[in-house]
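Please look over the model shown here. A brisk report on its fold and on selected residues is wanted.

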Amino acid sequence: MATARYRTFYGWAVVTARNASTNGRQVIASPLLDNPYHADIILPDAAVEDREEQKRHAQELADASAWRGRPGEN
């Protein structure tokens, strides 16, 4: 996919559904052909127009995640 987008793929952040669903967030399974574990994380309504609230959620998710490098580089 990265090649088709003229980008370099370095890896991805992995967060558990348990961690992602805290603090008012919802997790909805949205499996992809190449990733049956994919899910969407929905922020609470209070974050819709509040940029600082969005950043707070993003930081919480980043803190709860683990980096997984591209295959062969873990």
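The report below goes from the overall layout to single residues.

## Basis of the report

This is a predicted model, in which local features need pLDDT of at least 70, side-chain atom pairs count only at pLDDT 80 or more, and totals for chains, interfaces and linings use all residues. Residues are numbered from 1 along each chain as its sequence is written, and side-chain values use heavy atoms, with hydrogens and water left out.

## Overall layout

The protein has two helices and four strands. Read from the N terminus, the order is β-α-β-β-α-β. Helices (H or I, at least four residues) and strands (E, at least two) are DSSP runs, numbered from the N terminus.

Of the 74 residues, 12% are buried. Buried means under 20% relative accessible area, exposed means over 50%, and partly exposed lies in between (1.4 Å probe, protein chains only). The accessible surface comes to about 6200 Å². Carbon and sulfur atoms hold 53% of that surface. Areas come from the Shrake-Rupley method with a 1.4 Å probe; for residues, only the protein chains shown count as cover.

Contact means heavy atoms within 4.5 Å. Among contacts between residues at least 6 apart in sequence, 47% join residues at least 24 apart.

## His57 and Asn23

His57 sits in helix α2, which spans residues 51–64. Its relative accessibility is 1%, so His57 counts as buried. Leaving aside neighbours within four places in sequence, His57 touches Asn23, Arg25, Leu43, Pro44 and Ala47.

Asn23, one of these partners, belongs to the loop between α1 (17–20) and β2 (26–29). Its phi is positive, about 55°, although Asn23 is not a glycine. Asn23 is partly exposed because its relative accessible area is 47%.

Asn19 is placed in helix α1. Its relative accessible area is 32%, so Asn19 is partly exposed. With neighbours within four places in sequence set aside, Asn19 contacts Arg25 and Ala64. Asn19 and Ala64 are 45 residues apart along the chain, yet their C-alpha atoms are separated by 6.6 Å.

Thr16 is found in the loop between β1 and α1. At 42% relative accessibility, Thr16 is partly exposed. A polar atom of the Thr16 side chain lies 3.1 Å from the backbone nitrogen of Asn19. Thr16 and Val27 are 11 residues apart in sequence, and their C-alpha atoms are 9.7 Å apart in space.

## The nonpolar patch

Which residues form a nonpolar patch on the surface? They are Phe9, Trp12 and Val14, with about 230 Å² of accessible area together. Patches are made of residues with over 30% relative accessible area and no salt bridge; like charges are joined within 9 Å, and nonpolar side chains (Val, Leu, Ile, Met, Phe, Trp, Tyr) within 5 Å. A salt bridge is a side-chain nitrogen of Lys or Arg within 4 Å of a carboxyl oxygen of Asp or Glu. Val14 lies in strand β1 (residues 11–14). Val14 is partly exposed, at 31% relative accessible area. Phe9 is partly exposed at 34%, and Trp12 is partly exposed at 34%.

A search of the whole structure finds one aromatic pair. The rings of Phe9 and Trp12 have centres 5.3 Å apart and planes at 25°, so the pair is stacked. Rings of Phe, Tyr and Trp (its six-membered ring) pair if their centres lie within 6.5 Å; planes under 30 degrees apart count as stacked, over 60 as edge-to-face and the rest as tilted.

Technical notes: A polar contact is a pair of N or O atoms within 3.5 Å; within protein, one must be able to donate a hydrogen and the other to accept it, and residues adjacent in sequence count only if both atoms are side-chain atoms.
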